[in-house]
Amino acid sequence: MGPATRLIARRVPIAACLLLGISLAVYGLLAMAPGSTERALLGSRPATPELLAAIRARNHLDQPFPLRYAHWLGGLLRGDLGDSAQTGEPVTARIGERLPVTLELAGYATLLIVLLGVPLGLLAAARRERAADRAVTAGAVLAVSAPSFAVGTLLLYVFGVRLGWFPVFGAGTGVGGRIRHLTLPAVALALSQIALVTRQTRAAGLDVVSRDYLTFARARGLPSRVVWGRYALRNTAVPVATSVGLVLAYAMTGAVLVEVTFSLPGLGALIMDAVAAKDVPVVQGVALVAGAATIGVNLLVDLAYLALDPRLRRAAA
């Protein structure tokens, strides 16, 4: 059994326990929320005593909390998250319709973060205390201070309304249309995270800049792009992977305001609508998907550690 297999074998039970805890917390908090659960599940239908009694019986609301949670958890294990109070559709179907847009937006934003944040961080470390370092650092401070919804509104007005370069709403169809529609939302979502990855990469680069292997590489007359692109980047990969994993988890779960700003039919817009309509089953389902995504990203980051650092593979062997 290799190190990666052993890591997965150790993490899967922990992930299952975390998901169980998340499900209990979500179900319990929604059960304790103000208002009547059966009236929230009733939706826009007329409230008759017979219908309210049927909703209580179908959702086990007339039973103690442990039994209600057990019934809901049993449905969850079978892949049944219940039906939406707004539309009557299965929650899994509603999430399945919206999930691809959120995943594509998160992937696009993460790609921008990696392609811009890592090179800028290495540039700042290589030009420490020079004009380039100061410019990158100042830009990072400015970017990390800008809320994503405010950046999205500004991008929407400038590049969508005034210049007309990009669409102002919707997710588009086809590969080209999807890229055009998601470019401004991805930039709005990625900007503050680019700043975080840039600062993390700069700190990691400054940590290795005085190491003997870099001094030796420079003494051999190797070009700066080789010294920083091959040796420095390889040895800053682990902390950079940590920051990229964190921003990927953020991009998947923190896109609520960006999706609403650009009218994207993703999970963020779905949970906003569900909260406004008190659609309890949908809120529970989206919260569980967000928790599972965060746990999955953390597992991928741990596996990336093993791939990037041979010392960790030997320690785990």
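Predicted model: local features only at pLDDT ≥ 70, side-chain atom pairs only at ≥ 80, totals over all residues.
Local features require pLDDT of at least 70, side-chain atom pairs count only at pLDDT 80 or more, and totals for chains, interfaces and linings use all residues. Residues are numbered from 1 along each chain as its sequence is written, and side-chain values use heavy atoms, without hydrogens and water.

The secondary structure comprises 15 helices and 0 strands. Helices (H or I, at least four residues) and strands (E, at least two) are DSSP runs, numbered from the N terminus. Of the 317 residues, 37% are buried. Buried denotes under 20% relative accessible area, exposed over 50%, and partly exposed in between (1.4 Å probe, protein chains only). The protein exposes about 16,800 Å² (Shrake-Rupley method, 1.4 Å probe). Carbon and sulfur atoms supply 66% of that area. Among contacts (heavy atoms within 4.5 Å) between residues at least 6 apart in sequence, 71% join residues at least 24 apart.

The largest nonpolar core contains 27 residues. Such a core is a set of buried Ala, Val, Leu, Ile, Met, Phe, Trp, Tyr and Cys residues joined through side-chain atoms within 4.5 Å. Leu105, Ile113, Leu189, Phe262 and Leu264 have the most contacts inside this core. Two or more residues come from each of α5, α7 (148–162), α8 and α11 (237–253). Helix α8 gives the largest share, 8 residues. Ile113 touches Val118, Ala190, Gln193, Ile194, Val197 and Val247, leaving aside residues up to four places away in sequence. Apart from this core lies another, of 15 residues, with Leu73, Ile95, Val282 and Val286 among them.

Helix α6 covers residues 131–144. Asp133, Val136, Ala140 and Ala143 of α6 are buried. They lie on the same side of α6, because they cover an arc of only 105° (directions from the helix axis to the C-beta atoms). The buried residues pack against α5 (91–126) and α8 (174–208). The face turned away carries exposed Ala131, Arg134 and Leu142.

The structure holds 2 aromatic pairs. Rings of Phe, Tyr and Trp (its six-membered ring) pair if their centres lie within 6.5 Å; planes under 30 degrees apart count as stacked, over 60 as edge-to-face and the rest as tilted. Tyr69 and Trp72 form a tilted pair, 6.2 Å centre to centre with 35° between the planes. Both residues are buried. The rings of Phe159 and Trp165 have centres 5.7 Å apart and planes at 40°, so this pair is tilted. Phe159 is partly exposed, at 27% relative accessible area.

Conventions. Expected span 1.5 Å × (residues − 1).
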